[in-house]
Amino acid sequence: MSEAEALASSRRGVMVAPAGCGKTHIVAASVLASPPGRYLVLTHTHAGVEALRSKLGTLGVGTSKYEVETIAGWTLRLAASFPLTSGASNFAPRDGAGYRAIYGAAERLLGLPPFQEIIRASYSGVLVDEYQDCTVEQHATVLRLLGILPCRVVGDPMQSIFDFRGNHPVDWPKDVGPNFEEVAGPSKPWRWHQTNPALGEWLLDARRKLESGHGLDLEGAPVAWYDCSDPSAAREQRLRACYAAAGHGSQSVMAIHRMPGQAHDVAKRLGGLFTCVEAIDTKDLYQHAAIIEGLAGLGRAAAVLGFASLCMTRVKSECGTIWQALLKERIPNVKKHAPVLQALCAVARSGSFGDVAEALETIEREIGAVIFRRELLSEMKRALRVAAAGDVGTLPEAAWVIRNRARRLGRTISRCSVGTTLLVKGLEFDHAVVLDGDVFNAHHLYVAITRGARSLTIITKSKKIMPTAASTKDGTGPPQDEDETL
């Protein structure tokens, strides 16, 4: 019996599978192996939804046999369908607290016999992928489903990294073990089987060491290593590693850092070769949308330059005089970059969000800027044009509409990109560059080193890596909300 068949035949099975060993394939194949019926397949991100749908299509599973959705999306739809009974009041949640209320509402509905009958009439079973990312509230909802239908879950506790800013992920031994029955999972590193089998085997061993609390020794490992023990040369080593990884023709490269600010800095210094992967609910977009919305006249024009400096190089060096004058509520008498000043004056005069979008394009064109946060810049311009068309009430609302569209439809990641572990988890690239392996804890380090299917580059102060003792469970989390599970 295959792993997929074993999972499909269980009533309450749980399967643990290391990164790159075929979790998504097994979930899809277990739908194929299940008895006739319609199965609810849940995961955490819309990228995960697309990966599952793609795999189900590849295996030839008819769309009538499954429904794939994020846990957040499915529970929101359930609670919104019965607003009075669910007790939910906010059906457009924008943060963790809002979604936690939705999960509680869905759990209440699933505890009522009439809704249990609706679930039984709608589905034959439930599968949940990436279960290590479930919060305790989502877990409670899944347990309600488990009391109604066969429910199988798949995950990897070593990839549990969403434990910040009020999120409390499941404790695998305490929450998962007592409620599910273990089904033997795969151990073959398929991601590297055809491309770099030595790396795949080394990563399996690395997982065992990290899980047991040990560090990693890169001596003799099938990885490229760059020494950043000299603080004065560390930045240059990171750039050298990225340039080297980018020289693989059309193959994809992801450079990974623990902190967003450091990732942005690296992208900025790479001269446009790499661009930043942005969080779906990036605070920079919403905060600057609110700033631009709340200002008028020359103050708004100055805010446009401030936002431009987040996304592209040379804004401060080329437009510093203009910027300082605008901050003082006066129009400078300058000849350099006159088209930029004209565009900003149009922003101040008209108050039109369309003129703000035009000003951003003028800044980019006139100063010869290198864009290193292209997604952030593009999404702001889209939001500005939506707001200018009068389709929504405010610019922050337009920004939310645009990002929600990206959440639903997915987004294109550039061939060479920089991101954090929270943003690249679950994704696969040809080459991975771990920019500062000394700052990761064991879980984040494991996620980072398993992203590249062809090669892995690690930048550390020593070939012996001891993961940091610090954990995101301290509640502080990264400096901006990067929760892709929403």
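**View 1. Ile-256 finds its bridge partner in strand E11: Gly-419.** The model shown is a predicted one, where local features need pLDDT of at least 70 and side-chain atom pairs count only at pLDDT 80 or more, while totals for chains, interfaces and linings use all residues. Residues are numbered from 1 along each chain as its sequence is written, and side-chain values use heavy atoms, with hydrogens and water left out. Strand E9 (residues 253-257) and strand E11 (residues 416-420) run parallel, joined by five bridges; for two strands to pair, DSSP has to find at least two bridges between them.

**View 2. The sheet around E9 and E11 is open and has six strands.** Reading across, the order is E8-E13-E12-E9-E11-E10, with parallel pairing. Strand E8 (224-227) and strand E10 (275-276) sit at the edges with a single partner strand each, so one side of each has no neighbour in the sheet. Helix H13 (residues 260-269) lies across E9, E10 and E11 and runs at about 160° to E11. Angles here run from 0 to 180 degrees between N-to-C directions, using lines fitted to C-alpha atoms (for helices, over the stretch in contact).

**View 3. H13 also packs with helix H12 (residues 231-246).** The two axes are 10 Å apart and meet at an angle of about 70°. H12 and H13 are therefore roughly perpendicular (under 35 degrees would be roughly parallel, over 145 roughly antiparallel, 65 to 115 is roughly perpendicular, and the rest is oblique). On the H12 side, Arg-235, Leu-239, Cys-242 and Tyr-243 make the contact, and on the H13 side Asp-265, Val-266 and Arg-269; contact means heavy atoms within 4.5 Å. Sorted by class, that contact of H12 with H13 has four nonpolar, no polar and three charged residues (Ala, Val, Leu, Ile, Met, Phe, Trp, Tyr, Cys and Pro are nonpolar; Asp, Glu, Lys and Arg are charged; the others, Gly among them, are polar).

**View 4. Helices H14 (residues 283-294) and H19 (residues 374-388) pack with axes 10 Å apart.** Their angle is about 40°, which means H14 is oblique to H19. H14 passes H19 in a right-handed crossing. Asp-284, Leu-285, His-288, Ala-289 and Ile-292 of H14 meet Leu-376, Glu-379 and Met-380 of H19. The class tally for this contact is five nonpolar, one polar and two charged residues.

**View 5. Another open sheet of six strands runs E3-E2-E4-E5-E1-E6, with parallel pairing.** Strand E3 (66-70) and strand E6 (181-182) are the edges, each with a single partner strand, so one side of each is left without a neighbour in the sheet. E6 pairs in the parallel sense with strand E1 (residues 13-16) over two bridges, and Gly-13 has Glu-181 of E6 as its bridge partner. Helix H3 (residues 46-58) packs on this sheet, touching strand E2 (39-43) and E3, and its direction makes about 160° with that of E3.

**View 6. Gln-132 sits in the loop between strand E4 (125-128) and helix H8 (136-146).** Gln-132 counts as buried because its relative accessibility is 2% (buried is under 20% relative accessible area, exposed over 50%, partly exposed in between, with a 1.4 Å probe and protein chains only). Leaving aside residues up to four places away in sequence, Gln-132 touches Gly-155, Asp-156, Pro-157, Gln-159, Ser-160, Pro-169, Val-170, Trp-172 and Lys-425.

Definitions and conventions:
Helix = DSSP H or I, 4+ residues; strand = E, 2+ residues; numbered from the N terminus. Left-handed = near helix turned anticlockwise from the far one by under 90°.
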